Structures are given as C-alpha cells and as structure tokens.
Amino acid sequence: MGSIAANPFQDVPAGRTEGLEALITQFREDTDPNRTDLLVGVYKTDEGKAYVLPSVKEAKNRIFNDPDWHHEYRPSALGSQIYRDLSAKLLFGPDHRLLRENRIISTQTLGASGGCHVGAVMLKNHYGPWKENGNPEIFLPSESWLNHPFLFQSAGIKASFLPYLSSKTNKFDFASFTEAIKLLPAQSVILLQSGAQNPTGCDPSPDQWQELASIFIQGGHLAFFDAAYPGFASGDIDTDLEGVRLFAEREIPLVFVSTYGKCFGLYSERVGILSILAPSEEVGKRIERHMKLLARAESGAPPDFGSKIVETVLSDDILQLQWRQEVRDMANQLKSRRIALREGLEKLETPGNWQHITDQNGMFSYVGLSVEQVTLLRNKYHVYLQDSGRISIAGLNKFNIDYTARSISAVVKATKPE
C-alpha cells in the first residue's frame with residue numbers, strides 16, 4: 001500500500017487577524033458604556049445610526065414596484081451600458097470631449113477595492129513600460145488607504161511610497177510630494193486620491209492640481225486615481241472631481257477607479273467603476289476586449305441591485321438633484337462635527353494647535369496623536385481609532401463628540417513632555 005500524500009495545505013502558516021480587523025473585534029467585545037468607534041469610514045447620523053439616503057429609498061421603491069425587474073444576468077460582463085454611460089457622464093462631466101470621442105473605456109467593479117485590483121491587473125498585463133523593464137511598481141502616498149499596498153502587491157506589483165503629510169503641521173506637504181515625483185523614473189505609475197483623501201483629509205488645492213498635472217506631463221507618468229469619496233470634500237461632486245477631469249483633459253495617461261459605496265451609502269452592495277483613458281478609439285476597443293476577459297475571470301458577471309439603484313437615481317434629473325443635495329448635507333454635517341471636536345479640544349486648553357482638524361476635510365482626520373496616545377485612548381477611555389491616529393469623523397455624533405474631546409485632551413495632557 002502506497003504512502004499517504006502529505007496534505008498540500010499543511011505548511012500554510014497560522015495567519016493572524018490584520019490590525020484594523022483586530023481593533024474592530026476588540027471594540028465589539030468592549031462592554032464599557034463609553035466605548036466609541038472612530039475606526040471605519042461609514043457615515044452615521046448625528047444619532048449614531050446607519051443612514052439610508054432618501055433618494056436611495058425612492059430608487060429602491062421604484063425598482064421593487066417595476067413589474068419587469070428581474071434577477072437575470074446583465075447583458076455584459078462589463079455591466080450595463082446604461083450604468084457605465086451614466087457613470088462616465090457623472091465622473092467626467094456630461095459634455096466631456098473624451099466621451100464624445102469614445103475614449104473613456106469602463107467596466108463595473110466590486111467597489112473601489114475591486115476596481116483597484118482590476119486596474120492593477122490590467123496594468124500588470126498591458127502597461128508598456130512595465131512590460132519592457134519587467135519591474136511593475138506603483139508609487140503611493142506614504143499616508144494612503146490601509147488596503148492600497150495589499151491590493152497592488154496581491155497583483156504582483158511592488159508598492160513604494162512618497163512623502164505626503166507633514167508630521168509637524170498635519171497638512172499636505174506639497175513640496176516634498178512633488179520633489180519626490182520629479183525624481184521618479186519616466187512613465188512611473190503614481191496613485192492619487194481625487195478628494196477627501198483617506199486617511200489624512202488633506203487634498204491638493206486647485207493650483208496644486210495644475211502643477212501636479214504639469215509634473216506628470218513632464219515625466220510621462222500614469223495617474224492611477226482612486227475616487228472613493230466624491231462630494232465629501234467640498235459637498236459638490238463636480239468640484240471634488242476637478243483634479244481627475246483636469247488630468248483627463250490634459251491627456252495624462254489615466255486609470256480611474258470610483259465607488260458609489262460612500263456617496264450613495266451602498267457600502268455592502270460593492271458598486272464601483274473602473275475607467276481607462278484610451279489614446280484613441282481603436283485602442284479603446286482593444287482595451288475593452290481585454291476588460292471583458294478580465295471581468296469574466298474576476299466575477300463572471302457583475303452584481304445588479306446596487307448598480308440598478310445608481311442607474312435609477314442618475315437617470316432621473318429630479319432624483320439626481322435630490323441625491324446631490326443629500327451628499328452636500330452629509331459633507332456639511334461632517335464639517336460641523338470637525339468644528340465641534342476642534343472647539344471642544346480648544347475649550348479644554350488641550351496642548352497643541354488643533355486648527356488642522358477643520359482645515360482637513362471629508363470622512364477622516366489625522367489629528368496628530370502618537371501610537372502611545374492612541375493606545376492610551378483605547379485602553380483607558382475606550383475610544384477606538386487606528387494606530388496611525390486617523391479618526392473617522394463620520395463616527396462622531398452628538399452623544400460622543402464631547403466625550404471624545406475630553407478623552408483626547410486628557411491623553412495629550414498625560415503624555416505631554418515635561
């Protein structure tokens with residue numbers, strides 16, 4: 001009788017829960033009545049409840065009452081043409097010449113995470129400079145979304161980092177960022193976020209976007225845009241996407257990922273879109289063929305329900321105006337929470353300058369706390385935020401802002417050097 005073959009999975013290491021997931025578990029197991037969740041970027045009401053946009057509720061009602069609605073597959077692995085066309089008009093502007101020239105090639109994706117992965121694989125397989133040098137590498141801001149490096153590394157792409165935030169001022173260090181880009185090899189791939197940057201809340205100004213575009217042109221670089229929070233920076237979708245549109249108009253090679261998870265509140269529906277700027281309509285057709293093959297390999301067919309909600313809202317002018325106002329209201333609510341947190345810290349005479357909390361924007365803020373201070377916040381005051389000091393402003397509400405301010409103030413005072 002032959003020997004039994006060894007189980008091929010026996011050498012898989014015991015694995016561990018990654019940092020954020022472990023913190024979420026720790027929060028859920030915390031029984032302290034003052035426990036405060038400032039970890040995850042999910043918009044909550046001022047009462048701390050999950051928020052379903054009224055425009056989304058209306059869209060769902062219309063879908064449910066449509067006698068022709070069904071659960072069959074979408075006609076294409078790329079998603080419905082209506083969804084892709086409406087998304088292109090929303091993200092690039094309804095009259096953008098690149099749309100008229102059929103040079104924006106897109107596919108529905110599983111949220112922004114799925115979009116980043118599909119975009120990464122497309123580049124790995126087809127980006128000329130990478131294929132020539134055999135060294136796929138993407139450059140990320142040193143303060144970027146926690147999952148960005150893992151997404152690209154999982155596709156076999158090296159993730160390297162560029163200086164982004166000043167630790168002294170907690171503001172965007174534009175000079176260091178641009179100087180680092182100028183030193184990169186020609187035709188490098190660089191990730192940018194369009195607005196409400198995660199995790200810092202620090203974005204380029206309009207003038208800085210102009211200068212960045214010129215630097216990209218000079219270096220022949222490709223911009224990999226991640227737009228997870230359109231509308232959450234300024235309150236206006238179009239304003240928050242001006243940087244992306246500028247790069248597209250100036251013909252900078254572009255991979256653009258966006259999601260409706262945040263601005264529609266469709267977090268668990270995983271509704272995203274990947275767009276690639278093609279140099280010509282003919283090349284665009286070739287890109288689309290490869291997109292279809294990749295989409296079939298990734299998910300077979302895209303999920304329907306979330307994208308149908310987006311279609312319903314964006315295809316109705318009145319409902320779209322309502323949705324845009326709801327996004328503006330969420331952005332304004334986040335700004336008011338920033339003001340309340342800053343004022344609370346200043347009223348308590350917390351050591352340091354807290355202006356950066358209101359200078360930053362969107363769902364997140366780098367408040368400038370050390371790992372020691374963050375750990376003390378969790379262990380003694382049961383206020384949970386990431387080790388980086390990133391606070392989810394979306395998790396603040398009328399019940400916990402004052403407690404959060406008092407807890408931060410106490411921790412800063414307790415750890416202030418003599």
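N102 lies in the loop between α4 (97-100) and β2 (104-110); helices (H or I, at least four residues) and strands (E, at least two) are DSSP runs, numbered from the N terminus. The phi angle of N102 is near 55 degrees, a positive value in a residue other than glycine. This is a predicted model, in which local features need pLDDT of at least 70 and side-chain atom pairs count only at pLDDT 80 or more, while totals for chains, interfaces and linings use all residues. Residues are numbered from 1 along each chain as its sequence is written, and side-chain values use heavy atoms, with hydrogens and water left out.

**Cis peptide**

- N198 and P199 are joined by a cis peptide bond, with omega at about 25 degrees.
- The loop between β7 (189-193) and α9 (206-219) contains P199.

**Domains**

- UniProt lists residues 36-408 for "domain: Aminotransferase class I/classII large", in an unreviewed entry; UniProt positions are given in the numbering used here, feature names are shortened, and annotations may be inferred rather than shown by experiment.
- Residues 36-408 are 46% helix and 15% strand, and the end C-alpha atoms of this span lie 12 Å apart.
- The domain assignment divides the protein chain into domain 1 (20-52 + 329-413) and domain 2 (73-315), with bounds that come from an automatic or database domain assignment.
- The C-alpha centres of domain 1 and domain 2 are 29 Å apart.
- Domain 1 gives 21 residues to the contact and domain 2 gives 22 residues, where contact means heavy atoms within 4.5 Å.

**Packing of α14 with α17**

- Helix α14 (residues 317-347) packs against helix α17 (residues 401-415) at an angle of about 40 degrees, and their axes are 9 Å apart; axes are lines fitted to C-alpha atoms, for helices over the stretch in contact, and angles run from 0 to 180 degrees between N-to-C directions.
- That angle makes α14 oblique to α17 (under 35 degrees counts as roughly parallel, over 145 as roughly antiparallel, 65 to 115 as roughly perpendicular and the rest as oblique).
- R337, A340, L341, G344 and L345 of α14 make the contact with I401, T404, A405, I408 and S409 of α17.
- The residues of this contact of α14 with α17 comprise six nonpolar, three polar and one charged (Ala, Val, Leu, Ile, Met, Phe, Trp, Tyr, Cys and Pro count as nonpolar, Asp, Glu, Lys and Arg as charged, and the others, Gly among them, as polar).

**Packing of α13 with α14**

- The axes of helix α13 (residues 305-314) and α14 cross at roughly 105 degrees and come within 6 Å.
- Helices α13 and α14 are therefore roughly perpendicular to each other.
- In α13, T312, V313 and L314 meet L319, Q320 and W323 in α14.
- The contact of α13 with α14 has four nonpolar, two polar and no charged residues.

**Packing of α3 with α11**

- Helix α3 (residues 81-92) and helix α11 (residues 242-249) have axes 9 Å apart and pack at an angle of about 100 degrees.
- That makes α3 roughly perpendicular to α11.
- V244, R245 and A248 in α11 meet L90, L91 and F92 in α3.
- Five nonpolar, no polar and one charged residues form the contact of α3 with α11.
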